[in-house]
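Hi,

Here is the structure I promised to pass on. Have a look at it first, and my notes on the charged pairs follow below.

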Amino acid sequence: MITYYNIGRLRCGGVQMPFFKGMEHAVQGMIAMRAKQEVIANNLANANTVGFQKDGLVVGSFAELLQGEMGYSREWMHQAGFVPAGGTKNGDPGVFYKTYTHFAQGTLKDTGHPFDLAIEGDGFFSIQTPYGIRYTRNGSFGLNGAGFLVTKDGSLVMGNKGAIKIKGSDFNIKESGAVFVDGSEIDKLRMVRFPDLRFLKKTGDNYYMADASGEPVPNSKVRQGFLEGANINAVREMVEMLAAMRSFEANQKLLQAEDQMLQKSVNETGRVR
Amino acid sequence: MFRSMFTAALGMQAQQSNMDNVANNLANVNTTGFKKGRIAFQDLLYTTLAMQNPQEEIIQASDTEGIPNGAQVGTGVKSIATERIFTVGSLQRTDNPLDLVINGDGFFEVTLPDKSKAYTRDGSLKMNKDGSLVSPTGHPVGVTIPKDVTNVSIKEDGSVMGIKAGSKSPDPVKIGQIKIVRFLNPMGLRPVGGNLYLESSVSGAKVKGTPGSNSLGNIASGYLEKSNVNVVEEMMNIIQAQRAYEMNGKVVTSTDEMTRMTIQLHKQ
């Protein structure tokens with residue numbers, strides 16, 4: 001029986017059917033395009049999320065990635081971060097894809113609120129959450145009941161000396177990230193950058209988690225009274241979505257054509273009278 | 001397949017909330033002392049695009065060794081708060097000496113019937129029958145005008161001046177002082193309607209003083225503070241919300257189209 005999860009390798013009674021190869025590739029292409037659609041949907045849904053960095057998806061076929069000589073290994077593909085679409089097995093040519101986050105500066109919006117901060121340039125704010133240290137570009141901060149600078153979900157914003165307690169009536173952040181309360185500097189915001197951005201993983205609530213440690217940020221500015229918008233380009237997303245859908249459709253047509261060819265071979269050519 | 005549809009549906013809901021907020025802002029464009037709102041959004045959990053069949057010998061997309069993740073996708077957006085923006089609104093001249101505006105940071109402090117304090121930007125003060133200056137909601141500001149005093153005026157620093165009946169001098173004398181209060185985090189104040197706000201645990205340190213001192217704003221008499229809603233900005237927000245709503249809608253129809261194509265694979 002041909003079941004869905006076997007469709008990558010289309011077996012009949014345990015024996016792989018070689019003439020289904022064309023279909024395999026088409027199905028994998030459809031699965032990859034479906035994943036791309038999901039990535040685009042998330043980008044568009046987050047058009048108004050502060051500090052949101054858009055995601056993208058790239059598709060590669062095994063042959064292109066391999067470049068001929070290197071012995072194909074699962075580990076190599078894995079190292080590069082690609083996942084197989086559908087049921088591609090070790091040693092099979094097939095469609096691979098990966099998602100990535102496209103880090104770029106979003107537009108700064110002037111809000112006038114002293115607890116709104118935006119980063120102009122590289123880097124992230126460091127936040128102490130109940131789950132560990134997280135990083136974010138979302139500078140929409142506030143105060144908690146004990147007077148500490150927190151994110152909107154109550155997690156502490158980290159300065160170089162730890163959590164930032166604001167005991168005073170005037171609060172200023174300089175472009176360097178230095179925190180001034182009532183005119184005197186009490187701390188500096190702990191801003192971090194990552195030379196290899198691929199190590200950042202989104203965890204939701206505008207947070208990123210990193211397996212690597214970050215380094216200090218040399219050049220960025222912190223703007224008080226501003227918020228960074230999402231860096232999605234709506235036109236780009238719509239075009240990508242159209243491309244994904246047409247690619248999906250092309251693969252679907254290919255599958256239908258293969259199906260017809262098979263039908264001809266099975267029902268007409270091979271007809272037993 | 002349907003994850004992108006649900007994600008897009010959440011996106012549309014978010015834009016709907018956005019529109020609701022804009023509608024409220026525009027409805028209150030002429031409300032004295034109204035402070036515009038904005039909504040804070042956050043993205044939801046990210047999930048790894050694991051393969052369909054765990055029994056197959058396929059390495060999962062999720063990683064625990066620090067290697068960049070193969071395939072992660074978000075699941076949409078949620079709104080977490082509606083916040084008030086405390087910038088100064090536009091001024092409207094009334095020539096009524098008891099109409100006050102704080103030009104800068106600060107709130108008028110009023111006393112509620114249960115002796116607790118509330119704060120407001122609405123300075124359209126009136127005198128009640130006892131001569132006490134009260135806010136539009138009827139709560140006393142803390143200054144009482146004696147019965148025999150006329151020509152009440154209020155200066156930039158909050159001094160209440162008047163001419164006592166029977167006084168020889170034509171110059172007004174000081175009969176009271178209005179003090180105002182500012183907060184470190186006015187966004188943390190709790191709104192209770194009638195343009196009144198209550199102090200909360202997150203509104204931060206409070207500074208009470210004479211207008212003009214200690215970063216407190218000056219008082220302008222004969223003016224009212226209208227809302228701080230910027231109509232042009234809200235119009236832009238409408239356009240943006242509508243287009244974003246449309247785009248999310250396109251994702252839904254496009255996903256629907258892809259589903260239809262998948263179903264058509266099996267054509268009888």
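Let's start with Lys202(A), which is buried at a relative accessible area of 3% (buried means under 20%, exposed over 50%, partly exposed in between, with a 1.4 Å probe and protein chains only). Before I go on: this is a predicted model, where local features need pLDDT of at least 70, side-chain atom pairs count only at pLDDT 80 or more, and totals for chains, interfaces and linings use all residues. Residues are numbered from 1 along each chain as its sequence is written, chains are lettered from A in the order written, and side-chain values use heavy atoms, without hydrogens and water.

Lys202(A) makes a salt bridge with Asp55(A), 3.2 Å from N to O (the rule: a side-chain nitrogen of Lys or Arg within 4 Å of a carboxyl oxygen of Asp or Glu). The two sit 147 residues apart, Asp55(A) in strand β3 and Lys202(A) in strand β18 (strands are DSSP runs of E, at least two residues; helices are H or I, at least four; both numbered from the N terminus). Asp55(A) is buried too, at 9%.

Next, Glu240(A) pairs with Lys36(A) in a salt bridge, with the closest N and O atoms 2.9 Å apart. Glu240(A) is in helix α4 and Lys36(A) in helix α1, so this pair ties together parts 204 residues apart in sequence. Lys36(A) is buried at 14%, while Glu240(A) is partly exposed at 22%.

Over all chains, the count comes to 24 salt bridges.

Cheers
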